[in-house]
Amino acid sequence: MFAAAVDVWRFQPHPEVWLLIVGVVALGYYAAHVIGPSVVADGQPVVTGAQTGYFAAAVALLWVASDWPMHDVSEEYLYSVHMIQHLLMTFVIPPLFLLATPQWLARLVVSGDGTAGVWVRRLARPLVAGIVFNALIALSHAPVVVNASVESGPLHYGVHVALFTAALAMWMPVCGPLPELRISLPGQMIYLFLMSIIPTIPAAWLTFAEGAVYSAYDHQVRLWGIGVAADQQAAGLIMKIVGGTFLWAIIALLFYRWASQHSGDNVNMRTVTSSASEATGSDLTYEAVVGEFDRLGDPPREPIPGDGS
């Protein structure tokens with residue numbers, strides 16, 4: 001590993017990463033151009049422009065997080081960069097892939113009583129998903145796991161796959177492609193609030209630890225002159241501040257959507273009551289309001305991102 005000290009920024013090829021990216025793109029292309037047209041009704045889009053954009057962004061960020069130089073710097077030199085890599089793989093890339101998944105494709109995966117569908121529905125439950133995700137986050141920061149994964153490539157990728165899979169389940173109740181697996185907007189806000197609290201424990205541990213927590217990063221090669229203690233503190237702050245801010249920004253967006261929906265409901269109610277009053281020319285009655293609702297029909301619902309066919 002320390003041979004890299006001769007040239008920290010030398011290019012290190014990772015063909016396994018390139019194969020992964022090509023495979024993901026090929027699967028996406030096959031789903032959109034071969035499977036989709038055979039299951040989607042005529043006149044309906046197989047994938048929307050927004051879903052295509054989400055997919056492209058997810059693939060691009062997956063490549064950045066998995067390939068040189070981020071992978072090599074995070075594995076050989078700075079644990080703080082490793083923390084950025086983990087945030088991308090748990091907080092950013094999984095929800096992008098979920099938003100990119102058409103509803104028809106998700107239903108093909110979970111339809112019936114197949115093994116895949118059963119496990120997806122079990123793991124996507126908020127309580128189960130939250131516990132599994134945070135347990136793996138805590139385990140992935142244990143010194144024995146970090147030190148061993150730095151020395152073993154297969155273990156390193158295995159940890160990333162486990163975290164990514166758990167993150168997909170964790171985000172399903174918030175932005176999954178299946179409406180029945182999503183929880184209400186207030187529930188999503190509470191859920192993400194809890195997700196933002198639990199990771200502060202390992203973050204605080206890293207920030208205030210004395211001495212080197214991970215021996216694999218305690219070596220003489222110091223990239224950019226960052227010492228091991230400062231690197232650990234930066235990793236803890238990134239996990240707490242950057243990760244927490246990201247989740248709180250989503251909570252704020254969800255609150256705005258929830259408030260907008262309730263504001264729209266109030267406007268619709270005022271419109272109906274006003275129309276009913278004008279129609280009857282007298283005080284409102286229950287029958288007048290119900291009749292006006294029947295005349296106007298149900299108000300349109302705001303579409304939910306990812307809830308397309």
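How exposed is L194, given as a relative accessible area? L194 is partly exposed, with a value of 43%. The cut-offs explain the label: buried means under 20%, exposed means over 50%, and partly exposed falls in between. This is a predicted model. The chain has 13 helices and 0 strands.

**Overall build**

- Read along the sequence, the pattern is α-α-α-α-α-α-α-α-α-α-α-α-α.
- The chain has 309 residues, and 41% of them are buried.
- Take the contacts in the chain with a separation of 6 or more: 77% of them join residues 24 or more positions apart.
- The accessible surface of the chain is about 16300 Å². Carbon and sulfur atoms account for 69% of that surface.

- Helix α10 covers residues 185–197 and gives the patch its largest share, 4 residues.
- L194 lies in helix α10.

**The largest pocket**

- The largest pocket holds about 1400 Å³ of space.
- It is lined by 45 residues. Closest to the pocket centre are V24, F97, T101, F164 and L168.
- Several elements give two or more residues to this lining: α1 (15–39), α2 (49–66), α4 (79–100), α5 (103–110), α6 (115–123) and α9 (153–175).
- Helix α1 provides the largest share of the pocket lining, with 11 residues.

**Enclosed cavities**

- Rolling a probe the size of a water molecule over the atoms shows where empty space is left.
- The count of cavities of 30 Å³ or more comes to 2.
- The largest cavity has about 70 Å³ of space.
- Its lining consists of M83, H86, L87, T90, F91, F133, I137, H141, P199 and M239.
- Two or more residues of this lining come from each of α4 and α7 (126–140).
- Helix α4 gives the most to the cavity lining, with 5 residues.

- Helix α4 is among the elements that give two or more residues to the lining of the largest pocket.
- Helix α4 also gives 5 residues to the lining of the largest cavity.

How values were computed: Residues are numbered from 1 along each chain as its sequence is written. This is a predicted model: local features need pLDDT of at least 70, side-chain atom pairs count only at pLDDT 80 or more; totals for chains, interfaces and linings use all residues. Side-chain values use heavy atoms; hydrogens and water are left out. Buried means under 20% relative accessible area, exposed over 50%, partly exposed in between (1.4 Å probe, protein chains only). Contact means heavy atoms within 4.5 Å. Accessible areas come from the Shrake-Rupley method with a 1.4 Å probe; for residues, only the protein chains shown count as cover. On a 1 Å grid over the protein atoms alone, a cavity is a set of points where a 1.4 Å probe fits but cannot get out, and a pocket is an open set with protein on both sides within 12 Å along at least five of seven lines; lining residues have an atom within 4 Å of a point. Grid points are joined across faces, edges and corners, and a volume is the space filled by probe spheres set on the points.
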